[in-house]
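My entries follow in the order in which I made them.

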Amino acid sequence: MLLGVDHLVIAVNDPDAAAATMEADLGIAVTGGGRHERGGTFNRLAFLGDAYLELIGVFNRRMVESTDTFAVGQAALALLDAGTEGLATYALASDDVAAEVGRLRDVGSPIGAAVSGSRVRPDGEVVRWITAFPPLGPEECPFLIEHELVGAEWGTEAREARAEFRHPAGGTVRLTGVTIPVADPDRVAARYRAVLGITFGSDGRAVVHGQTLALAPMDRVRLPIVDLAGEAGSAPLDTIRFGVRWRRQPGIHGQASRPA
């Protein structure tokens, strides 16, 4: 079962500097991260409940280019090589990626096989997951991910703490939706349907586990838009950073809790 948007992959030149900017300008604390030692990239993570924002950079481009299995790093590098920071791709969470892939392939989806991945936290702990990839890119479908629900990032205590974590913006913050500018929304919507079984309405929107995915024509929306929800009384926000427009509204809570 799809459980909503898992994380947004924001390609940046310097993840540490971007983390400082995110906290200062967006009021979002960046508390995690690590290195993909065999993939050539490193990241900083800002958790919004069980969803998160990944600020990803490249420490060894040769490794990124030569690692066939690390599609996320290649998508990020392609964007940075084009001279821009921004949303390289994003992931949808699943409670069983292998079963999801089997179901999708049974109805003709070209999605890739489920594969294991990992990264090393600064404290030495290894964080593991399973992913399945379609072709990645700003106008392509998201990939699927299933986290190993153990340890300092995905164990029960960590997830409970994240659910209550108070950001500098003034309390908890949740990801409620993402809008992707595309050249041809109908074509991209058909791709989502064929690859992931997600159907968009006539308004260009789909809802997955309480979060909104939207496809918008590039002549109306020039940058990806990330919609956030803060607590009642927190300050609204509408600003551009890292090639993304960030909007935060107070008093609404979006993403429902995921199964443990």
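Buried means under 20% relative accessible area, exposed over 50% and partly exposed in between, with a 1.4 Å probe and protein chains only.

I note that this is a predicted model, in which local features need pLDDT of at least 70 and side-chain atom pairs count only at pLDDT 80 or more, while totals for chains, interfaces and linings use all residues. Residues are numbered from 1 along each chain as its sequence is written, and side-chain values use heavy atoms, with hydrogens and water left out.

I searched the whole structure for aromatic pairs and got 5. The rings of Phe 47 and Tyr 52 have their centres 5.3 Å apart and their planes at 45 degrees, so I logged this pair as tilted. For the record, rings of Phe, Tyr and Trp (its six-membered ring) pair if their centres lie within 6.5 Å; planes under 30 degrees apart count as stacked, over 60 as edge-to-face and the rest as tilted. Tyr 52 is also buried, with a relative accessible area of 7%. Ring pairs join Phe 47, Tyr 52 and Trp 154 into a cluster.

**Helix α1**

I took helices (H or I, at least four residues) and strands (E, at least two) as DSSP runs, numbered from the N terminus. In α1, residues 15-26, the buried residues are Pro 15, Ala 18, Ala 19, Met 22 and Leu 26. Seen down the axis of α1, they fall within an arc of 105 degrees, so they line one face of the helix. The arc is that of the directions from the helix axis to the C-beta atoms. I recalled that an α-helix has 3.6 residues a turn, so residues three or four places apart point the same way.

What covers these buried residues? The cover includes β3 (41-48), β4 (51-58), β13 (237-241) and β14 (244-249). After α1 comes Gly 27, with a positive phi near 70 degrees.

I then checked Met 22, which lies in α1 and has a relative accessible area of 0%. Leaving out residues up to four places away in sequence, Met 22 touches Gly 27, Ile 28, Val 30, Ala 46, Leu 53, Leu 55, Phe 242 and Trp 246; contact means heavy atoms within 4.5 Å. Met 22 and Leu 55 are 33 residues apart in sequence and 9.7 Å apart in space, C-alpha to C-alpha.

**Strands**

I found 7 of the 8 residues of β3 buried. β3 pairs with β2 (residues 32-36) in the antiparallel sense over 5 bridges, and two strands pair if DSSP finds at least two bridges between them. Gly 32 stands opposite Leu 45 in β3. The β2-β3 hairpin has 4 residues between its strands, and Gly 40 in the turn has a positive phi of about 85 degrees.

β3 and β4 pair in the antiparallel sense over 8 bridges, with Thr 41 opposite Val 58 in β4. This hairpin has 2 residues between its strands, and Gly 49 in the turn has a positive phi of about 70 degrees.

My last entry concerns β13 and β14, which pair in the antiparallel sense over 5 bridges. The bridge partner of Ile 240 is Arg 245 in β14.
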